[in-house]
Amino acid sequence: MRKWSTYIWKLIWVIGLFLLTIISFDSINQIKNTPYFDINSWASSVIPFIWGIYLSLIFINKWSIKINPPLFVCVFIPCFLFSLIPPLTSTLSISFPIGMWFLKVFSSNLIEIVAGLTFMLSIFNDTKIGANKQLESGLS
């Protein structure tokens, strides 16, 4: 029965993937119709962050909190702070000296996706990779 539950979990994840795609597409279209630029800017940062959280669900094996400090500090925090720059600058009407490279990076929304993905993976650090390293350190 345990073997079938993993297959069912993956199928439920795929169904959720389709539902999240539909919901995010509809919400983006509705937000684009609003005259407020601030809402557009925040939505363009929050929705990819939620995508990153959802993508991380397939990598988490055990739902026990075990924080991975290097992943949290070196990947999540910088990506999260960089993802806040566009919505904060539009909301607070401040100028931030950014170059073309910055605009190219943020047009892909990968920074926000990586922030959401690494947020979950840094909190629930019991992935197969982490378990293998613990096993190796216990053997030596």
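**Exercise 1.** Determine what covers the buried residues of α3 in this predicted model.

*Solution.* Start with the terms: helices are DSSP runs of H or I with at least four residues, numbered from the N terminus. Buried means under 20% relative accessible area with a 1.4 Å probe, protein chains only. Next, list the buried residues of α3: Phe76, Cys79, Ser83, Ile85, Pro87, Thr89 and Ser90. Their cover includes α2 (37-56), α4 (100-107) and α5 (110-123).

Residue numbers run from 1 along each chain as its sequence is written. Local features need pLDDT of at least 70 and side-chain atom pairs pLDDT 80 or more, while totals for chains, interfaces and linings use all residues, and side-chain values use heavy atoms, without hydrogens and water.

**Exercise 2.** Describe how α3 packs against α5.

*Solution.* First, the geometry: the two axes, lines fitted to C-alpha atoms over the stretch in contact, come within 8 Å. They cross at roughly 145°, on a scale from 0 to 180 degrees between N-to-C directions. Then the residues: with contact taken as heavy atoms within 4.5 Å, α3 contributes Leu71, Phe72, Val75, Phe76, Cys79, Phe80, Phe82 and Ser83. These meet Ile111, Glu112, Val114, Ala115, Thr118, Phe119, Leu121 and Ser122 of α5. Finally, the classes: twelve residues are nonpolar, three polar and one charged. Here Ala, Val, Leu, Ile, Met, Phe, Trp, Tyr, Cys and Pro count as nonpolar, Asp, Glu, Lys and Arg as charged, and the others, Gly among them, as polar.

**Exercise 3.** State which residue follows α3 and give its phi.

*Solution.* Serine 93 follows α3. Its phi is positive, near 55°.

Technical notes
Buried < 20%, exposed > 50% of the residue type's maximum accessible area, 1.4 Å probe, protein only. Helix = DSSP H or I, 4+ residues; strand = E, 2+ residues; numbered from the N terminus.
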